[in-house]
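This report describes parts of a protein model in plain terms. Please look at the sequence and the structure first, then read on.

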Amino acid sequence: MSTTTPLEPDTFAISANLAQPRLPRWAVVLVGVISLGLAGLVTLLTGWSLVGGLVLAILLMVAGLPTWSLLVEGRRAAADRFATALVWAAFAVVLVPLVWLIWMVVDHGLSAIDREFLTYDMRNVVGSGGGIYHALWGTILVTLAATVISVPIGLFTAIYLVEYGRGKRLARATTFLVDVMTGIPSIVAGLFALSLFVLIFGPAIRIGFGGAVALSLLMIPTVVRSAEEMLRLVPNDLREASYALGIPKWRTIVKVVLPTALGGIITGVVLAISRVIGETAPLLVVAGATDSVNFNLFDGRMMTLPVYIFSQYSSPGVVPVGMEGDPPGYARAWGAALVLIVIVMVLNLVARIIGTYFAPKTDRRR
Amino acid sequence: MAKSIDVSDLNIYYGDFLAVEGVNMTIRAKAVTAFIGPSGCGKSTFLRTLNRMHEVIPGARVEGKVMVSGQSLYDPAIDPVAVRRQIGMVFQRPNPFPTMSIYDNVIAGSKLNAKKMKRSEADAIVEKSLRGANLWNEVKDRLDKPGMSLSGGQQQRLCIARAIAVEPEVLLMDEPCSALDPISTSAIEDLIHELKSEYTIVIVTHNMQQAARVSDETGFFNLKAAGQPGHLVEFNPTTKMFTNPDEPSTEAYISGRFG
């Protein structure tokens, strides 16, 4: 092409080249249906299991669609189809255990949950009956105490790291130790709390507060990490704007930086809570297990939902004479598991709502 | 109540790096002083030393003297927070507080300092500041809306309103119009003209026409060479600067024959 060529014929030449043969929109659906059909046929003929058939269908889809695309659309489009199919397949594979788990728990647990299950404890219960009232309260109190301990410590650590400790040796050491803390096995946290309270109160001590201390050891690093990220996201412009108005640093942090990051911090805290609410081992070690309601964190054993599930499953009781089926403990364990999952899901939902509610409002139309 | 600023032999450092060297100048009260010069020559850095915002950056420090009405700004006895209450600042990018409404943004200076004031008093300050920043008529019906809901030019005027609400004596502006369209720029230039009667204004700008339009005095900063610290080349009344500058390099820069 010479530089003197007029513009218009040139553009026409380009736009002619831009058009490429494309697969029709329904191609994806068609290939999907054909893959499923073929896999179904193979499954019926060879007597494979349902899972084997599904895997075969996915493989057929991942192979078939790019091949067709290669024939019609060319190499680049085929690679795109292949990557897209792989990503979707991976997504589906990840989703399978989640859906399966929730289905199992709902299926087994829903029938166990009734009024008695939620309002009775296990005191003097032999055989069927009884409930999770004591474990529910134990979980709520222990988790609440753990939150009360770890949120201030975690938040203040994050504030130090972001606002005061930039580049200082203490800050780098703190970050390193927090990272190490993230990797502590939960049972070790439980044993640490146990030995701490044994040193203070003497041997054979079991108190709910010990469980809270163990859980807060697991919670603090998560809170520090998420709060640190959120505080770092606050633009420096805002801090400078505040300083330029003659506002001292601590007020800037309290009234400008924290409110701006509040949504994210709360979301991080709630996610940290839902992370530790299902911990079993440390609670089993320090808080112990009991059949009775105990509202006092500082005196005596305290039951929690994960420990309840564990103990109901490990010692499910006996089937009443003349009855068929599983021991009564199994149903209670499934019911408690469902309640625990519902609590975690509600917490996650609350975190999302809070996150959007407190997020800085930037929408022009409001 | 506006104040004049005397700067003598000011060296500005970032850690060991000397950013601006040997600045001497007197900024007149109730006048507009503009700083021009190429990027990276230290105009903004110098501006930030005038209300001790420079030291917010870790490792940043200053040698020399900055005198505001007889007091040395860098005296150990001086509280930087008190300095910033007297010498306000408007930044290059509009930065209203995203968690606050328009109303709260304007009185942020008092509110964040937990200063007790009556509702009527606060209302009066908000109205006065917004009128002062030429924004009142545009936002008076939606003061409770978030500050971020305004357009860029309105946000910048909101930031100016926020800065003048604490009634400083000096107003520093770091390229306040560089992110704005010509209409908002002209609104802010009009505003600078009005504010001149009450405040000492120092403005950094890349726009030489703007410096010529708004300022009474102009300082030209330049680098001796790449990697060398910036320095003040010439400081003169704007009319002289733009018609008959003392230094040939100033004329070269202003007339576009730079570099």
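In chain B, strand 9 (residues 217-223) and strand 10 (residues 230-237) pair in the antiparallel sense over 7 bridges. Helices (H or I, at least four residues) and strands (E, at least two) are DSSP runs, numbered from the N terminus, and two strands pair if DSSP finds at least two bridges between them. Strands of a sheet pair through backbone hydrogen bonds, either parallel or antiparallel.

This is a predicted model, in which local features need pLDDT of at least 70 and side-chain atom pairs count only at pLDDT 80 or more, while totals for chains, interfaces and linings use all residues. Residues are numbered from 1 along each chain as its sequence is written, and chains are lettered from A and ligands numbered from 1 in the order in which they are written.

**The sheet of chain B**

Strand 9 of chain B also has a parallel partner: 4 bridges join it to strand 3 (residues 32-36) of chain B. The table lists some of the bridge partners.

| Residue | Partner |
|---|---|
| B:F35 | B:G219 in strand 9 of chain B |

Strand 9 of chain B is mostly covered, with 6 of its 7 residues buried. A residue is buried if 20 or more other C-beta atoms lie within 10 Å of its own, exposed if 12 or fewer, and partly exposed in between, with C-beta atoms placed from the backbone. The hairpin of strand 9 and strand 10 of chain B has 6 residues between the strands, and there B:G227 takes a positive phi near 90°.

These strands belong to an open sheet of 10 strands in chain B, in the order 5-4-1-2-10-9-3-8-7-6, with mixed pairing. Its edge strands are strand 5 (71-72) and strand 6 (87-90) of chain B, each pairing on one side only. Helix 7 (residues 152-165) of chain B lies across strand 6 and strand 7 (170-174) of chain B, and runs at about 175° to strand 6 of chain B. Axes are lines fitted to C-alpha atoms, for helices over the stretch in contact, and angles run from 0 to 180 degrees between N-to-C directions.

**One residue of strand 7**

B:D174 lies in strand 7 of chain B. Is B:D174 buried or exposed? B:D174 is buried because 23 other C-beta atoms lie within 10 Å. Beyond its neighbours within four places in sequence, B:D174 is in contact with residues including B:S44, B:L47, B:M89 and B:V204. Two residues are in contact if their C-beta atoms, placed from the backbone, lie within 7 Å. The C-alpha atoms of B:D174 and B:K43 are separated by 8.7 Å, although these residues are 131 residues apart along the chain.

The contact between chain A and chain B takes 24 residues from chain A and 26 residues from chain B. On the side of chain A that touches chain B, helix 10 (236-244) and helix 11 (249-276) of chain A are the elements that give two or more residues. Helix 10 of chain A gives the most, with 7 residues.
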